[in-house]
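Subject: Structure handover

Hello,

Here is the structure for you to look at. Please open it beside this email and read along.

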Amino acid sequence: MTHFLLLLFHRDRLAAMKQEAERRATLERQGHGTYTEISEGEFLEVVTKTENVVCHFYHKEFERCKIVDKHMAMLAKKYMEARFIKISAPVRIPCGRIKMSDRLYVSVGHLANDS
C-alpha cells in the first residue's frame, strides 16, 4: 500500500469515528446509556419518541425487582441503542389470567412485546 492509500483509510476511519461519537452523544442527551425511572405520564411520550425501549414495571418491595434493576442498569450501559426505563407499578399487574409482580416491556423499532 502506498502512503496515499493509508492516508485515505485514516481519513475515512476518523470520519466514521467522529460520526459514531456524535451519534452516541445524541443518544446520551435523549437518556440512553442510563437506567432511569419515569412516571406513568411520561411513558407514552418516551415509547413513541424512542425507537428501542426496554421498560421494567417494578415494585420497590420485591427482591426480584431489585435483581432485575441491577441487571438492567448494566445492560443500559452496554446497549446504547435502546433506552432503559423503569416505572413503579402496583403490587400485581394483570397479564391475562396470571397476576405477576413485575413485567418487562420491550419495544424494538416501535413494535411492542411484553414479557
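Start with one definition: a residue is buried if its relative accessible area is under 20%, exposed if over 50%, and partly exposed in between, using a 1.4 Å probe and protein chains only. Helices are DSSP runs of H or I with at least four residues, strands are DSSP runs of E with at least two, and both are numbered from the N terminus.

Now the ground rules. This is a predicted model, so local features need pLDDT of at least 70, side-chain atom pairs count only at pLDDT 80 or more, and totals for chains, interfaces and linings use all residues. Residues are numbered from 1 along each chain as its sequence is written, and side-chain values use heavy atoms, with hydrogens and water left out.

**Confidence**

The score pLDDT is the predictor's confidence in each residue, from 0 to 100. The chain has a mean pLDDT of 83. Of its residues, 83% reach 70 or more. Confidence is highest in strand β1 (residues 35-37), at a mean of 93. It is lowest in strand β5 (residues 98-100), at 48. Where pLDDT is low, the predicted coordinates should not be read in detail.

**Overall layout**

The chain has three helices and seven strands. From the N terminus, the order is α-β-α-β-α-β-β-β-β-β. Of the 115 residues, 30% are buried. A contact means heavy atoms within 4.5 Å. Take the contacts between residues at least 6 apart in sequence: 70% of these join residues at least 24 apart.

**Helix α1**

Helix α1 covers residues 3-29. The expected span of a helix is 1.5 Å times one less than its number of residues. For the 27 residues of α1 that gives 39 Å, and the end C-alpha atoms are 39 Å apart, which agrees. Just after α1, Gly31 takes a positive phi of about 100°.

**Helix α2**

Which residues of α2 are buried? They are Phe43, Val46 and Val47. Seen down the helix axis, they fall within an arc of 95°, so they line one face of α2. The arc is taken from the directions from the helix axis to the C-beta atoms. On the other side, Gly41, Leu44, Thr48 and Lys49 are exposed. The buried residues of α2 pack against β2, β3 (83-88) and β6 (103-108).

**Helix α3**

Helix α3 runs over residues 63-78. Its 16 residues should span 22 Å, and its end C-alpha atoms are 24 Å apart, which agrees. Cys65, Asp69, Met72 and Ala76 are buried here. An α-helix has 3.6 residues a turn, so residues three or four places apart point the same way. The cover over the buried residues of α3 includes β1, β2, β3 and β6. On the other side of α3, Glu63, Lys70, Lys77 and Lys78 are exposed.

His71 also lies in α3. With a relative accessible area of 40%, His71 is partly exposed. His71 and Tyr35 are 36 residues apart in sequence and 9.9 Å apart in space, C-alpha to C-alpha.

**Rings**

Rings of Phe, Tyr and Trp (its six-membered ring) pair if their centres lie within 6.5 Å; planes under 30 degrees apart are stacked, over 60 edge-to-face, and the rest tilted. How many aromatic pairs does this rule give? The count is one. The ring centres of Phe43 and Phe57 are 5.7 Å apart and their planes are at 55°, so the pair is tilted. It links distant parts of the chain: Phe43 is in α2 (residues 40-49) and Phe57 is in β2 (residues 52-58), 14 residues apart. Phe43 is buried at 18% relative accessibility, whereas Phe57 is partly exposed at 21%.

**Two strand residues**

Val54 lies in β2. It is buried, with a relative accessible area of 13%. Val54 and Phe84 are 30 residues apart in sequence but 4.9 Å apart in space, C-alpha to C-alpha.

Lys86 is in β3. Is Lys86 buried or exposed? At 16% relative accessibility, Lys86 counts as buried. Lys86 lies over the face of Tyr58, at 5.1 Å from the ring centre. The rule there: NZ of Lys or CZ of Arg must be within 6 Å of the ring centre and within 35 degrees of the ring normal.

Best wishes
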